[in-house]
Amino acid sequence: MATPDRPGFVLPLLLLAGFRTLIDDLHAELAAQGHPELRPVHGFVLQAVGVTGTTASELGQRLGVSKQAAGKTVDRLVALGYLERADDPADARRKLVRMTERGLDGLRRSAVLFDQLRDRWAATLGADRVDAIEDDLRRMVPTDVFRLDVPGWFGG
């Protein structure tokens with residue numbers, strides 16, 4: 001039950017602040033490791049593109065944004081060398097968006113860094129506490145926890 005010293009609105013703000021702390025720390029490390037131009041939204045885009053690639057329309061659907069918004073972000077990531085556009089070998093009328101080696105490197109580094117950040121939280125809070133936080137969140141969060149539509153959800 002919410003109380004005056006623990007009002008209900010604090011929980012989502014703390015969850016968001018925890019997320020923001022992890023993401024900010026991740027991007028500081030990514031910048032130090034040669035990826036200073038990657039932004040939080042770029043991680044969602046790279047995940048949505050995946051290792052097999054996708055079209056701009058499909059990317060927009062996965063992210064919950066318009067094809068035009070997805071295309072604008074793709075343009076930026078192409079210019080930065082993280083994505084490329086290529087002909088779809090199965091359908092010459094379609095253009096695929098694919099990750100480059102630089103994009104794959106950014107994702108690989110992110111995975112390692114997230115493990116290190118989790119370890120840092122465990123060192124501060126205790127491994128059992130971090131495990132309990134994850135277990136409790138799994139109980140409260142719907143099973144489709146890994147949704148990539150956060151950019152569209154926040155934006156609209």
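Visitor: So how do α1 and α5 cross?
Guide: In this predicted model, the axes of helix α1 (residues 10-32) and helix α5 (residues 101-125) come within 10 Å and cross at roughly 125°. Axes are lines fitted to C-alpha atoms, for helices over the stretch in contact, with angles from 0 to 180 degrees between N-to-C directions. So α1 is oblique to α5; under 35 degrees would be roughly parallel, over 145 roughly antiparallel, 65 to 115 roughly perpendicular, and the rest is oblique.

Visitor: Which residues of α1 and α5 make the contact?
Guide: From α1 they are Gly18, Leu22, Ile23, Asp25, Leu26, Glu29 and Leu30, and from α5 Gly106, Arg109, Ser110, Leu113, Phe114, Leu117, Arg120 and Trp121. Contact means heavy atoms within 4.5 Å.

Visitor: And by class?
Guide: The contact of α1 with α5 has eight nonpolar, three polar and four charged residues. Ala, Val, Leu, Ile, Met, Phe, Trp, Tyr, Cys and Pro count as nonpolar, Asp, Glu, Lys and Arg as charged, and the others, Gly among them, as polar.

Visitor: What about α3 and α4, what's their angle?
Guide: Helix α3 (residues 56-63) and helix α4 (residues 67-79) have axes that come within 8 Å and cross at roughly 105°, so α3 is roughly perpendicular to α4. Ala56, Ser57, Leu59 and Gly60 of α3 meet Lys67, Ala70 and Val74 of α4.

Visitor: Zooming out, how many helices and strands are there?
Guide: Seven helices and two strands, in the order α-α-α-α-β-β-α-α-α from the N terminus. Helices (H or I, at least four residues) and strands (E, at least two) are DSSP runs.

Visitor: How are residues numbered, and what's counted?
Guide: Numbering starts from 1 along each chain as its sequence is written. Local features need pLDDT of at least 70 and side-chain atom pairs 80 or more, while totals for chains, interfaces and linings use all residues, and side-chain values use heavy atoms, leaving out hydrogens and water.

Visitor: Last one: what size box do the C-alpha atoms fill?
Guide: Roughly 60 × 35 × 25 Å, taken along the principal axes.
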